[in-house]
Amino acid sequence: MENETSVQSKPSSGFTGFLGRLGGALLEPRKTFYDMMQREMGILEPLFLIIVFFGIQGALVGVFTVRILYSSLAFLSPIIGAEQLQAFQGGLFIVPVITTISWIVFALMIWIISAGIAHLCAKYIFKGMGSYNQLLKLYGYASVPSSLVILGMMLTSLNFSIFFGLSMILCLMAVFWTVVILVVAVERCYLIDPGQAFISSFIVPLIVYLALSALVWLIFSSLVLGGFSL
Amino acid sequence: MRANIIIGGMIIVILLASVIFTFASPTVLGPLIKFEEDKAKVTRTYSFTSDDAPGVDYINLNFTVKAGGIDINFTDDSSLIYMFVFKQDEGATKPSIENITFDSKLLVNVMAESGDVKVTFGNNYIYNGTLRVSLGGITVKLSNYSNIEFFDLAAVYAGGVSVDVEDDASFDHLNIRVNAGGIMMHIGAKTLEKNSSISARVELGGIVVDSIPKGTSLGSRLKAFADIGGIYLNPGNYTVISQTVNRVEIGTENYPTAPIKLDIELFTGLGGATINQPFFLAFPTSFSQEITARYFLE
């Protein structure tokens with residue numbers, strides 16, 4: 001605990017403090033999280049970060065989809081008529097709204113569930129000493145590396161052939177960095193070893209999500225493919 | 001701490017840029033996939049009138065476009081025999097057009113390697129013949145100015161044929177063939193000039209008949225057969241004459257007594273047919289809806 005006290009820095013507030021926390025979550029998550037835990041930050045800032053980061057990702061995906069569909073639907077013109085096609089193309093602009101909302105909802109669900117799984121694992125399996133609320137707040141900052149994903153998506157939209165490879169590298173970096181932040185958050189929050197934190201924050205949630213995906217796929221295939229074989 | 005603030009600032013800049021990008025990119029960058037519409041096109045117009053072939057009343061067409069589209073229309077211009085407006089890429093081979101007159105008949109041979117052609121016929125001649133694209137599409141609008149004995153419309157390898165039949169159209173028979181692709185029929189006519197028939201055949205693909213004509217003087221009958229695939233039918237107010245898993249026959253109540261009859265025959269090899277359905281309902285989202293016949297690979 002002495003080490004932890006020694007890394008505590010002077011609290012900063014306002015927009016500068018916000019920028020410091022954003023950068024700190026990337027550069028020095030251990031110290032940044034310790035400071036935040038000491039100051040008992042609210043839930044609104046991490047919630048805001050998740051909504052903004054994933055909302056923008058959803059919007060970019062939607063816009064990207066519209067830009068692909070807009071002209072590629074031209075083949076429908078002789079079938080449904082030019083006027084109907086134009087109306088249909090105009091209606092495509094609802095797509096970014098749908099993707100934005102669904103991305104946010106999905107991210108919020110993943111946020112709450114992942115923190116829940118990590119909490120159960122760190123608290124009850126590894127006998128850590130943190131709380132779910134505290135971890136939920138720290139987990140919100142794990143969305144910061146997705147700024148790299150956003151950058152990659154923008155570059156890909158600008159020129160697919162040139163920037164697609166770079167975007168993939170940025171995405172991999174973002175995933176790796178997110179895992180690091182999640183591990184540090186669990187380690188800080190529950191004061192457990194990094195290996196235990198890695199299992200709690202990454203391995204167990206990954207297993208749970210894979211199992212859920214397999215279950216959903218089984219249900220889906222039995223319903224749909226079963227229906228087709230009638 | 002200073003480094004954190006700088007990195008945080010950079011993240012905010014990325015976020016702000018992405019918000020601006022999201023709103024601006026559809027209009028500034030435009031569609032991601034751009035078709036080569038802007039490529040320079042050459043327009044070539046060929047027309048033939050009664051002055052060029054006096055005494056002719058019957059036109060026999062042999063019209064081939066290897067890759068491209070044919071759009072066929074009829075006008076009320078009684079002196080017009082044909083007008084072909086070709087739009088081709090710069091440098092594309094010119095179409096070859098040959099007119100041969102014998103007695104009161106005019107044989108028109110047209111051959112084009114590529115391009116889109118708008119074909120306009122007059123209302124004072126009887127038309128007969130074959131119009132084919134090897135790869136591409138054909139659209140035909142049969143208005144009350146049409147006067148067709150027999151048209152064979154073919155997408156030889158792949159493509160589509162769209163037929164629109166309007167009130168008082170005059171034709172004996174339309175034969176529509178597509179190897180791989182689709183056929184779309186919109187029959188909005190409540191009346192026709194004479195007994196007419198349409199045969200449509202798709203080896204691999206689909207046929208959509210979005211409505212079936214039903215007029216007081218017009219009796220209609222439709223037969224559809226899918227070898228491997230399904231028929232998605234909305235019988236509406238029409239009488240179902242017979243129906244099996246892959247064969248359907250429907251007709252209007254007045255068909256036996258109607259003075260003018262329209263017979264439609266549809267065949268799909270591997271694929272499906274949708275009949276009397278709005279286009280966006282044509283491809284079923286729920287297989288429990290009004291399916292009268294279906295047959296899936298087992």
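Predicted model: local features only at pLDDT ≥ 70, side-chain atom pairs only at ≥ 80, totals over all residues.

Reader: What does B:Ile183 touch, leaving out residues up to four places away in sequence?

Author: B:Ile183 touches B:Gly160, B:Val161, B:Ile176, B:Val178, B:Ala200, B:Val202 and B:Ile207.

Reader: Why does B:Tyr238 count as buried?

Author: The label needs 20 or more other C-beta atoms within 10 Å. B:Tyr238 has 20 C-beta neighbours inside 10 Å, so B:Tyr238 counts as buried.

Reader: Where does B:Tyr238 lie, and what does B:Tyr238 touch beyond four places in sequence?

Author: B:Tyr238 lies in the loop between β10 (218-233) and β11 (239-243) of chain B. Its contacts, leaving out residues up to four places away, are B:Ile212, B:Ile250, B:Gly251 and B:Thr252. Take B:Ile250: 12 residues separate it from B:Tyr238 in sequence, and the C-alpha to C-alpha distance is 6.4 Å.

Reader: What makes up the secondary structure of each chain?

Author: Chain B has 2 helices and 13 strands. Chain A has 11 helices and 0 strands. Along its sequence, chain A reads α-α-α-α-α-α-α-α-α-α-α. Buried residues make up 37% of the 298 residues in chain B. In chain A, 36% of the 230 residues count as buried.

Reader: Why is α9(A) called roughly antiparallel to α10(A)?

Author: Look at the angle. The axes of α9(A) and helix α10 (residues 160-190) of chain A cross at roughly 170° and come within 8 Å. Angles over 145 degrees count as roughly antiparallel. That makes α9(A) roughly antiparallel to α10(A).

Reader: Which residues make that contact?

Author: From α9(A), they include A:Leu148, A:Leu151 and A:Leu155. From α10(A), they include A:Phe160, A:Phe163 and A:Leu170. By class, the contact of α9(A) with α10(A) has 14 nonpolar, 4 polar and no charged residues.

Reader: Which residues of α7(A) and α8(A) make the contact?

Author: One of those in α7(A) is A:Trp111. A:Tyr132 and A:Tyr139 are among those in α8(A). This contact has 7 nonpolar, 4 polar and no charged residues.

Reader: Where do α9(A) and a helix of chain B meet?

Author: Helix α9 (residues 146-158) of chain A meets helix α1 (residues 2-28) of chain B. Their axes come within 10 Å and cross at roughly 35°. The crossing is left-handed. In α9(A), the residues are A:Ser147, A:Ile150, A:Leu151, A:Met154 and A:Ser157. Their partners in α1(B) include B:Ile11, B:Leu15 and B:Phe21. By class, this contact has 8 nonpolar, 4 polar and no charged residues.

Key: Residues numbered from 1 in each chain as written. Chains lettered and ligands numbered in written order. Axes fitted to C-alpha atoms, helices over the stretch in contact; angles between N-to-C directions. Helix = DSSP H or I, 4+ residues; strand = E, 2+ residues; numbered from the N terminus. Left-handed = near helix turned anticlockwise from the far one by under 90°. Contact = placed C-beta atoms within 7 Å. Nonpolar A, V, L, I, M, F, W, Y, C, P; charged D, E, K, R; others polar. Parallel < 35°, antiparallel > 145°, perpendicular 65-115°, else oblique. Buried ≥ 20, exposed ≤ 12 C-beta atoms within 10 Å, placed from the backbone.
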